[in-house]
Amino acid sequence: MKTSVLSLLFSLTAALGTSPHTLRALCALHSAPLPPNSQMSAQVPEWCRALPRPEYKTLQRVLPDEPWFEVYKIAPGVFAIYEPHQAEEVISYLIVGTKQALLFDTGMGIGNIRKVVTQLTSRPVVVLNSHTHDDHVGGNWQFPFVFGMATEFTRANAKGSREDAQAEIAPDQICGDLPKGFNPKTYVTKPWHISLFVHDGFKVNLGGRKLEIISTPGHTPDAISLIDRENGLLFTGDTYYPGPIWLFRPETDLAAYDASVRRLAALAPELKLVLGAHNIPVAEPSVLPRLVTAFEAARSGKVPPQKSEGGKTLYVTDGISFLLTTPKKE
């Protein structure tokens with residue numbers, strides 16, 4: 001990487017409390033073209049030096065000997081499965097009932113998430129994805145029951161991808177060692193089978209715990225959130241997480257995103273925790289109405305851009321940040 005640009009961006013993101021998502025999105029063009037097997041000899045990525053995140057000190061860690069994942073018990077029967085060794089810092093959630101369990105996302109597919117899940121519960125597990133970007137479906141193939149939204153975007157992503165997966169293990173994307181036995185040369189997002197198409201309002205009864213799908217398109221056409229009303233838990237996927245929220249890709253629909261965050265904000269009074277899919281697993285429900293206001297301000301041009309590069313512009317307001325497509329000059 002070009003040190004001057006990287007250092008500037010790292011200082012900016014650290015000062016604003018943002019995440020490695022920013023560095024990955026804004027500095028990708030400056031990455032040295034090193035092959036994956038050279039990553040251990042490459043310089044430690046700047047985003048990696050900011051870890052561990054201090055918020056994790058207050059959470060209860062379980063399975064401390066797991067080498068790739070860090071696992072935290074967030075609430076009774078709820079586990080955050082965090083991947084701190086890859087720049088996405090993706091978080092999947094295992095939600096356990098008395099009869100079965102639901103795995104909300106399956107992460108990168110670099111580590112063996114099924115092995116982790118079987119250590120946390122012996123109940124049958126169904127997979128449901130917050131959306132089908134590669135960093136959330138990497139372990140889908142390991143599970144026999146996968147629910148999916150009935151969209152063309154979902155069907156296309158279920159076929160798997162090599163290009164997207166290989167980008168995730170570029171030298172600047174990995175912090176520390178890859179798991180033993182992992183072969184970066186053959187790493188792909190493997191195809192997976194959709195067992196059942198689901199929809200907005202669909203409920204999953206885990207036994208003693210019911211989860212309801214809330215369709216929240218915008219980030220992707222198939223984006224959903226998941227609510228546990230009885231326990232006041234809202235799992236938001238990539239619709240909200242503490243870090244720059246990606247809203248610049250071709251599949252993004254800003255009008256749909258605006259409607260989705262307004263729908264979630266209306267739920268804030270009945271919630272205890274908001275659980276996003278990257279960086280830090282817990283946030284206060286008050287962040288949801290702030291998200292609406294922040295997005296409206298960023299989209300309308302009331303917030304000055306922080307940095308633009310590669311067709312993406314970073315906007316930050318009230319501690320919430322977005323990466324939007326850079327407006328075309330008149």
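**Group meeting: a walk through the predicted model**

Threonine 239 is where I'd like to start, in the loop between E12 and E13. Before going on, a reminder that what we have on screen is a predicted model. So, is threonine 239 buried or exposed? Its relative accessible area is 1%, so it is buried, since anything under 20% counts as such. Its side chain makes a polar contact with the side chain of threonine 216, at 3.4 Å. If we set aside residues up to four places away in sequence, threonine 239 touches Thr216, Ala223, Ser225, Ile245, Tyr257, Val261, Leu264 and Leu291. Please keep Tyr257, Val261 and Leu264 in mind, as they take us to the next stop.

That stop is helix H8, residues 254-265. With 12 residues, H8 reaches 16 Å from its first C-alpha to its last, close to the 16 Å expected at 1.5 Å a residue. At the start of the helix, a side-chain oxygen of aspartate 253 comes to within 3.1 Å of the backbone nitrogen of alanine 255. Which residues of H8 are buried? They are Ala256, Tyr257, Asp258, Ser260, Val261, Leu264 and Ala265, and Tyr257, Val261 and Leu264 are also among the contacts of threonine 239. The buried residues of H8 pack against strands E10 (210-215), E11 (224-228) and E12 (233-237), and also against E13, H9 and E17.

E13 and E17 bring us to a sheet. Here 4 strands form an open sheet in the order E13-E17-E16-E15, with mixed pairing. Its edge strands are E13 (245-247) and E15 (305-309), each of which pairs on one side only. From one strand to the next, the twist averages 20°. Helix H9, residues 287-299, packs on this sheet and touches E13, E16 and strand E17 (320-325). The direction of H9 makes about 35° with that of E17. Looking at the E15 side, E15 and strand E16 (residues 312-317) run antiparallel and are joined by 4 bridges.

Now for the rings. How many aromatic pairs does a search of the whole structure find? The number is 9, and I picked out a couple to show you. In one of them, tyrosine 93 and phenylalanine 235, the ring centres are 5.3 Å apart and the planes are at 65°, so the pair is edge-to-face. This pair links distant parts of the chain, with tyrosine 93 in strand E4 (residues 91-96) and phenylalanine 235 in strand E12, 142 residues apart. Tyrosine 93 is buried at a relative accessible area of 1%, and phenylalanine 235 counts as buried too, at 0%.

My other pick goes back to H8: tyrosine 257 with phenylalanine 295. Their ring centres lie 4.9 Å apart with the planes at 70°, which makes this pair edge-to-face. Tyrosine 257 sits in helix H8 and phenylalanine 295 in helix H9, 38 residues apart, so to speak a link between distant parts of the chain. Tyrosine 257 has a relative accessible area of 0% and is buried; phenylalanine 295 is buried as well, at 0%.

There is also a ring cluster, in which ring pairs link Tyr56, Tyr72 and Tyr82. Why call E2 largely enclosed by the rest of the structure? Because 5 of its 6 residues are buried. On one hand, E2 runs antiparallel to strand E1 (residues 60-62), with 3 bridges joining the two; there, glutamine 60 has lysine 73 in E2 as its bridge partner. On the other, E2 pairs with strand E3 (residues 78-82) in the antiparallel sense over 5 bridges. E2 and E3 form a hairpin with 2 residues between them, and glycine 77 in the turn has a positive phi of about 75°.

Last stop, arginine 162, in the loop between helix H6 (152-157) and helix H7 (163-167). Arginine 162 has 43% relative accessibility and counts as partly exposed. Leaving out residues up to four places away in sequence, arginine 162 touches Lys185, Thr186, Tyr187 and Val188. Of these, threonine 186 is 24 residues away in sequence, and its C-alpha is 8.6 Å from that of arginine 162.

How values were computed
Residues are numbered from 1 along each chain as its sequence is written. This is a predicted model: local features need pLDDT of at least 70, side-chain atom pairs count only at pLDDT 80 or more; totals for chains, interfaces and linings use all residues. Side-chain values use heavy atoms; hydrogens and water are left out. Two strands pair if DSSP finds at least two bridges between them. Axes are lines fitted to C-alpha atoms, for helices over the stretch in contact, and angles run from 0 to 180 degrees between N-to-C directions. Contact means heavy atoms within 4.5 Å. The expected span of a helix is 1.5 Å times one less than its number of residues. Buried means under 20% relative accessible area, exposed over 50%, partly exposed in between (1.4 Å probe, protein chains only). A polar contact is a pair of N or O atoms within 3.5 Å; within protein, one must be able to donate a hydrogen and the other to accept it, and residues adjacent in sequence count only if both atoms are side-chain atoms. Rings of Phe, Tyr and Trp (its six-membered ring) pair if their centres lie within 6.5 Å; planes under 30 degrees apart count as stacked, over 60 as edge-to-face and the rest as tilted.
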